[in-house]
Amino acid sequence: MDENTEREKSDAPARSAVARAVGDPVSRRRFMALSGGSAAIAGFLAACGSSGTTTTMNTSTKSAPADSETEQFGKGDVGILNYALTLEYLETAFYADVVKSGLFKGADLAVIKKFGEEEAEHVSALTAAVKQLGGMPAPEPKAEFPLESAKAVTELAATVENLGAAAYLGQAANIESPEVLASALAIHSVEGRHAAALNTLLGLPITPDGAFAKPADAKTVLKSVEPFIVG
């Protein structure tokens, strides 16, 4: 028996225990608290895979202890997903408006288009997830953004992306379904990478909060985006 096989066998009980912790709502929250939050659990989710967890997403809507600020969007995981969907609508609309503004050319414009396309993919994925849970996707709000100069737009883009990453992190402990959690963390990672790229462009720290990202609750996030919603 080679060294890798022996190591895999010795690690199997630990992976199984982690998988059970991820699959059980109460244990998962305790595990997240002990391990430092969603960043740690994201790594364990990747390591454990989905074989030890529920394989469908339609079992979580009744008992998910959603952030009370997301209940306006629906109950449980549906409300959290619709909250995230609303933010993704705004990000998608923002990048679409920036593309049309003519403020950017060449490589910069290509990056903006790419970010917008990825935000649009988030919209599609979140819409499908809400429907899979038996919910009604949130309506898309009408939005307007100040597009005065390339620098101001870049600063706003960085603010929006950093806020988006914090918003997903803020809901990680409230999500009931492991599949929804994994999807939210996958989007959170992309939002964080968008934010890092924009922070770098502006000469700001790539990790503004240091080694551990800070979450934002729904009330704070919604208040921050309120000025952009006009209908």
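Colleague: How much of the protein chain is buried?
Modeller: Buried residues make up 43% of the 231 residues in the chain. Keep in mind that this is a predicted model.

Colleague: What share of the contacts with a separation of 6 or more comes from residues 24 or more positions apart?
Modeller: Those account for 78% of them in the protein chain.

Colleague: Let's look at helix packing. At what angle do H4 and H6 cross?
Modeller: Roughly 165°, and their axes come within 11 Å. An angle over 145 degrees counts as roughly antiparallel, so that is what H4 and H6 are to each other. H4 passes H6 in a left-handed crossing.

Colleague: Which residues in H4 and H6 meet there?
Modeller: On the H4 side you have Ile80, Tyr83, Ala84, Leu87, Glu88, Glu91, Phe94, Tyr95 and Val98. They meet Val153, Leu156, Ala157, Val160, Glu161, Ala167, Tyr168 and Gln171 in H6. By class, that contact of H4 with H6 has 13 nonpolar, one polar and three charged residues.

Colleague: How do H6 and H8 pack?
Modeller: H6 covers residues 150-171 and H8 covers residues 218-225; they pack at about 155°, with their axes 9 Å apart. H6 and H8 are therefore roughly antiparallel, and H6 passes H8 in a left-handed crossing. Leu163, Ala167 and Gln171 of H6 make the contact with Ala218, Val221, Ser224 and Val225 of H8.

Colleague: What's the class breakdown for the contact of H6 with H8?
Modeller: Five nonpolar, two polar and no charged residues.

Colleague: Which residues in H4 and H8 meet?
Modeller: Tyr83, Leu87 and Leu90 in H4 meet Ala218, Val221, Leu222 and Val225 in H8. By class, the contact of H4 with H8 has seven nonpolar, no polar and no charged residues.

Colleague: Is threonine 86 buried or exposed? And what is threonine 86 in contact with?
Modeller: Threonine 86 is buried, because its relative accessible area is 8% and the cut-off for buried is under 20%. Setting aside neighbours within four places in sequence, threonine 86 is in contact with Phe73, Ala138 and Pro141.

Colleague: One more: where does phenylalanine 228 lie?
Modeller: Phenylalanine 228 is in the segment after H8. With a relative accessible area of 16%, phenylalanine 228 is buried.

Colleague: Which residues is phenylalanine 228 in contact with, leaving aside its neighbours within four places in sequence?
Modeller: Lys142, Ala143, Glu144, Phe145, Pro146 and Leu156.

Colleague: And what separates the C-alpha atoms of phenylalanine 228 and proline 146?
Modeller: The separation is 8.6 Å, though phenylalanine 228 and proline 146 are 82 residues apart along the chain.

Conventions
Residues numbered from 1 in each chain as written. Predicted model: local features only at pLDDT ≥ 70, side-chain atom pairs only at ≥ 80, totals over all residues. Heavy atoms only, no water. Axes fitted to C-alpha atoms, helices over the stretch in contact; angles between N-to-C directions. Helix = DSSP H or I, 4+ residues; strand = E, 2+ residues; numbered from the N terminus. Parallel < 35°, antiparallel > 145°, perpendicular 65-115°, else oblique. Left-handed = near helix turned anticlockwise from the far one by under 90°. Contact = heavy atoms within 4.5 Å. Nonpolar A, V, L, I, M, F, W, Y, C, P; charged D, E, K, R; others polar. Buried < 20%, exposed > 50% of the residue type's maximum accessible area, 1.4 Å probe, protein only.
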